[in-house]
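Subject: Structure handover

Hello,

Here is the structure I said I would pass on. My notes on what turned up in it follow below.

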Amino acid sequence: MKTGTLRVIGLAAWLLAGSIGIQVHAQEIAPADRTAIESRIAAFDAAMKAGEIARSIDFIPPRLLRTMADKVGLPEAKLKDMVAAQAAAAVDGMTFLSFGMDLSAAKIVATPDKSRTYMLIPTQSVIAIPDAGKMQSKTSTLALKDEGQWFLVRIDNAQQVALLRSAYPEFSGVDFPSGSTAIID
């Protein structure tokens with residue numbers, strides 16, 4: 001596979017919003033929060049099925065967006081517009097064949113300092129890439145609450161985890177394994 005295609009796939013995977021190596025005591029998510037997470041997943045799923053990849057920016061937590069904007073030296077609104085446009089361009093021509101987050105298999109855990117309870121949701125997608133075949137991605141999506149709302153974040157590579165830890169230092173010491181991506185035919 002060409003390096004450019006891998007970069008595009010990496011960007012798409014990062015935007016589409018593992019499990020944890022060290023389990024902290026079983027945590028609870030309030031029923032209202034679980035309902036809010038289910039609603040966010042449904043909205044994200046609807047956006048993906050409709051091919052509205054640019055809307056994926058709406059599922060990234062505000063503090064993470066601010067951290068990204070600071071790192072690249074752009075106003076947050078400009079960053080959002082740029083990332084949304086790049087995401088749409090990156091997947092242009094690709095077809096999302098399936099996408100799903102398995103909330104029934106999600107793990108509820110807490111950061112090592114117990115300051116934040118969050119959810120790791122197994123996530124799988126299959127996309128058709130012109131001249132390359134079908135690609136399947138298996139990873140986890142992190143659901144976390146920021147400014148009173150639940151957001152979805154992909155955490156399947158070291159760069160994503162480093163950015164997450166920069167925005168949310170309480171995730172230092174949390175071991176997020178890499179996801180997997182494979183061409184399936």
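The largest nonpolar core in this predicted model holds 24 residues. Within that core, the residues with the most contacts are Leu64, Tyr118, Leu142, Ile155, Leu164, Phe171 and Phe176. At least two core residues come from each of α3, α4 (76–90), β3 (117–129), β4 (133–146) and α5. Leaving aside residues up to four places away in sequence, Leu64 touches Val153, Leu163, Leu164, Ala167 and Tyr168. Another core, of 22 residues, lies apart from the largest one; Phe99, Ile129, Trp150 and Leu152 are among its members.

For orientation, the chain has 5 helices and 6 strands. Starting at the N terminus, the order of elements is α-α-α-α-β-β-β-β-β-α-β. Of the 185 residues in the chain, 43% are buried.

Helix packing around α3

Helix α3 (residues 62–72) packs against helix α5 (residues 158–167) at an angle of about 105°, and the two axes are 9 Å apart. An angle from 65 to 115 degrees counts as roughly perpendicular, so α3 is roughly perpendicular to α5. On the α3 side the contact is made by Arg63, Leu64, Thr67, Met68 and Lys71; on the α5 side it is made by Leu163, Leu164, Ser166 and Ala167. Sorted by class, the contact of α3 with α5 has 5 nonpolar, 2 polar and 2 charged residues.

Helix α3 also packs against α4. Their axes come within 9 Å and cross at roughly 95°, which makes α3 roughly perpendicular to α4. Here Pro62, Leu65, Arg66, Met68, Ala69 and Val72 of α3 meet Glu76, Leu79, Lys80 and Val83 of α4. By class, this contact of α3 with α4 has 7 nonpolar, no polar and 3 charged residues.

Which residues of α3 are buried? They are Pro62, Leu64, Leu65, Thr67, Met68 and Ala69. Following α3 comes Gly73, with a positive phi near 70°.

Aromatic pairs

A pair of aromatic rings is described by the distance of the centres and the angle of the planes. The count of aromatic pairs comes to 5. One of them is the pair of Phe44 and Phe99, which is tilted, at 5.3 Å centre to centre with 50° between the planes. This pair links distant parts of the chain: Phe44 is in helix α2 (residues 31–49) and Phe99 is in strand β1 (residues 95–101), 55 residues apart. Phe44 and Phe99 are both buried.

Why is the pair of Tyr168 and Phe171 edge-to-face? The ring centres of Tyr168 and Phe171 are 6.4 Å apart and the planes stand at 90°, and plane angles over 60 degrees count as edge-to-face. Tyr168 has a relative accessible area of 0%, so Tyr168 is buried. Phe171 is also at 0% relative accessibility and therefore counts as buried. Tyr168 and Phe171 belong to one aromatic cluster with Tyr118 and Phe176.

Ser180 and its contacts

Ser180 is in strand β6 (residues 180–183). With 37% relative accessibility, Ser180 counts as partly exposed. Setting aside residues up to four places away in sequence, Ser180 touches Gln136, Ser137 and Lys138. Ser180 and Lys138 are 42 residues apart along the chain, and their C-alpha atoms are separated by 5.2 Å.

Positive phi values

Most residues other than glycine have a negative phi.

Lys114 is not a glycine, yet its phi is positive, about 60°. Lys114 is in the loop between β2 (107–110) and β3, and counts as partly exposed at 48% relative accessibility.

Glu147, also a residue other than glycine, has a positive phi near 50°. Glu147 sits in the loop between β4 and β5 (149–154). Is Glu147 buried or exposed? Glu147 has a relative accessible area of 56%, so Glu147 is exposed.

Regards

Definitions and conventions. Residues are numbered from 1 along each chain as its sequence is written. This is a predicted model: local features need pLDDT of at least 70, side-chain atom pairs count only at pLDDT 80 or more; totals for chains, interfaces and linings use all residues. Side-chain values use heavy atoms; hydrogens and water are left out. Axes are lines fitted to C-alpha atoms, for helices over the stretch in contact, and angles run from 0 to 180 degrees between N-to-C directions. Helices (H or I, at least four residues) and strands (E, at least two) are DSSP runs, numbered from the N terminus. Angles under 35 degrees count as roughly parallel, over 145 as roughly antiparallel, 65 to 115 as roughly perpendicular and the rest as oblique. Contact means heavy atoms within 4.5 Å. Ala, Val, Leu, Ile, Met, Phe, Trp, Tyr, Cys and Pro count as nonpolar, Asp, Glu, Lys and Arg as charged, and the others, Gly among them, as polar. A nonpolar core is a set of buried Ala, Val, Leu, Ile, Met, Phe, Trp, Tyr and Cys residues joined through side-chain atoms within 4.5 Å. Buried means under 20% relative accessible area, exposed over 50%, partly exposed in between (1.4 Å probe, protein chains only). Rings of Phe, Tyr and Trp (its six-membered ring) pair if their centres lie within 6.5 Å; planes under 30 degrees apart count as stacked, over 60 as edge-to-face and the rest as tilted.
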